[in-house]
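Subject: Structure handover

Hello,

Here is the structure you asked for. Please open it alongside this email. My notes follow below it.

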Amino acid sequence: MSTGYSGFKHPGYEEDNRWTAVDNYTSKHLNTASKLNEALNNALKNSDAHGLPPISVSEHQGKFLMLQARMSGAKHILEVGLLGGYSTIWLANSNPDVKVTTVEVSEDNAAVAKENLKAAGVADRVEVVVGSGVEVLPRLVEEVKAGKRPPFGFFFIDADKQNNWTYVDNACEMALPKACIYVDNVVRKGNLAEESATDERILGNRKMVENVGKDSRLDATVIQTVSDKNYDGFLFAVVKG
């Protein structure tokens, strides 16, 4: 049973029948946890019904996040960009004792996400912080440094792209050694490589990639992806121990 809710599509997505066919085939054989699929589908449908934009991660990307977080053994995860909680549900299922702190600028989005998290049975594992990431993250850094909250072992950043470097920089300040930092929507149909780009989201991603490459705290790569939800890609970094 696939977790892909077909009604939740973005008209601007670039599509290819081959990408969709592979996603459908592999989902049928590899994503078979019916209870989790039901929760994820409910999150997509409820988000759609409340008018949230269809920009959650793809099904396979969500499972990749869950498996990466599980492999890292992260007990505390920070997500920047909650939206309707779809990726949050994946992350909250990475380990039985995981705690996810997620930041969302929109009170309306957060309210819908809380409904979805409760229906998925993971609300007790998720702390929702409403506010701008550029304001919330420095406060979290201070709390970690003061011992008021534990450092994080995994980060998923999927918010306003123009501030991606700020988020990564803050993440490094509250990360465990060898923590993983995953930044979504970096490639943007290949526009990341355009030196003449004027879109502030692309410029934000270019700034992040270039700064990460010069940062002695991090080792990173960018992986390009295709799926039934566009040609894009993500930056994946590890904090050096």
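This is a predicted model: local features need pLDDT of at least 70, side-chain atom pairs count only at pLDDT 80 or more; totals for chains, interfaces and linings use all residues.

**Ser 87 and its surroundings**

Ser 87 counts as buried, because its relative accessibility is 7% and the cut-off for buried is under 20%. Setting aside neighbours within four places in sequence, Ser 87 is in contact with Val 57, Leu 65, Glu 79 and Phe 156. With one of these, Glu 79, there is a polar contact between side chains, at 2.6 Å. For a sense of scale, take Val 144. Val 144 is 57 residues from Ser 87 along the chain, and their C-alpha atoms are separated by 24 Å.

Gln 68 lies in helix H3. Its relative accessible area is 14%, so Gln 68 is buried. Gln 68 touches Phe 154 and Phe 236, with residues up to four places away in sequence not counted.

Ala 110 belongs to helix H5, which covers residues 107–119. Ala 110 has 1% relative accessibility and therefore counts as buried. Leaving out neighbours within four places in sequence, its contacts are Leu 82, Glu 104, Val 128 and Val 130. Ala 74 is 36 residues from Ala 110 in sequence, and the C-alpha to C-alpha separation is 24 Å.

**Helix H7**

How enclosed is H7 by the rest of the structure? Largely, because seven of its ten residues are buried. Those buried residues are Asn 164, Trp 165, Tyr 167, Val 168, Asn 170, Ala 171 and Cys 172. They pack against several elements: strand E1 (76–80), helix H6 (133–145), strand E4 (152–157), strand E5 (175–183), H8 and E6.

The packing of H7 on H8 deserves a look. Two packed helices are described by the angle between their axes and the distance between the axes. Here H7 (residues 164–173) and H8 (residues 200–214) meet at an angle of about 35°, and their axes are 7 Å apart. On the H7 side, the contact uses Asn 164, Trp 165 and Val 168. On the H8 side are Asn 205, Lys 207, Met 208, Asn 211 and Val 212. By type, the residues of this contact are four nonpolar, three polar and one charged.

Is Glu 173 buried or partly exposed? Partly exposed, because its relative accessibility is 36%. Residues up to four places away in sequence aside, Glu 173 touches Val 141, Lys 145 and Arg 217. The side chains of Glu 173 and Arg 217 make a polar contact of 2.8 Å. Ile 202 is another matter. Glu 173 and Ile 202 are 29 residues apart in sequence and 24 Å apart in space, C-alpha to C-alpha.

Arg 217 also has a polar contact with Asp 215, side chain to side chain, at 2.6 Å. Asp 215 lies in the loop between H8 and E6. With 12% relative accessibility, Asp 215 counts as buried.

**The largest pocket**

Next, the empty space. Rolling a probe the size of a water molecule over the atoms shows where empty space is left. The largest pocket has a volume of about 1,200 Å³. Which residues lie nearest its centre? They are Ile 55, Asp 158, Lys 161, Asp 184 and Asn 185, out of 50 lining residues. The lining divides into 17 nonpolar, 21 polar and twelve charged residues. Elements that each supply at least two lining residues include H3 (59–72), H4 (86–92), E2 (99–104), H8, E6 (218–227) and E7 (230–239).

**Two positive phi values**

Asn 185, one of the residues nearest the pocket centre, lies in the loop between E5 and H8. Its phi is near 60°, a positive value in a residue other than glycine. Asn 185 is buried, because its relative accessible area is 17%.

Asn 230 is in strand E7. Its phi is near 100°, again positive in a residue other than glycine. At 11% relative accessibility, Asn 230 counts as buried.

Best wishes

Methods: Residues are numbered from 1 along each chain as its sequence is written. Side-chain values use heavy atoms; hydrogens and water are left out. Axes are lines fitted to C-alpha atoms, for helices over the stretch in contact, and angles run from 0 to 180 degrees between N-to-C directions. Helices (H or I, at least four residues) and strands (E, at least two) are DSSP runs, numbered from the N terminus. Contact means heavy atoms within 4.5 Å. Ala, Val, Leu, Ile, Met, Phe, Trp, Tyr, Cys and Pro count as nonpolar, Asp, Glu, Lys and Arg as charged, and the others, Gly among them, as polar. On a 1 Å grid over the protein atoms alone, a cavity is a set of points where a 1.4 Å probe fits but cannot get out, and a pocket is an open set with protein on both sides within 12 Å along at least five of seven lines; lining residues have an atom within 4 Å of a point. Grid points are joined across faces, edges and corners, and a volume is the space filled by probe spheres set on the points. Buried means under 20% relative accessible area, exposed over 50%, partly exposed in between (1.4 Å probe, protein chains only). A polar contact is a pair of N or O atoms within 3.5 Å; within protein, one must be able to donate a hydrogen and the other to accept it, and residues adjacent in sequence count only if both atoms are side-chain atoms.
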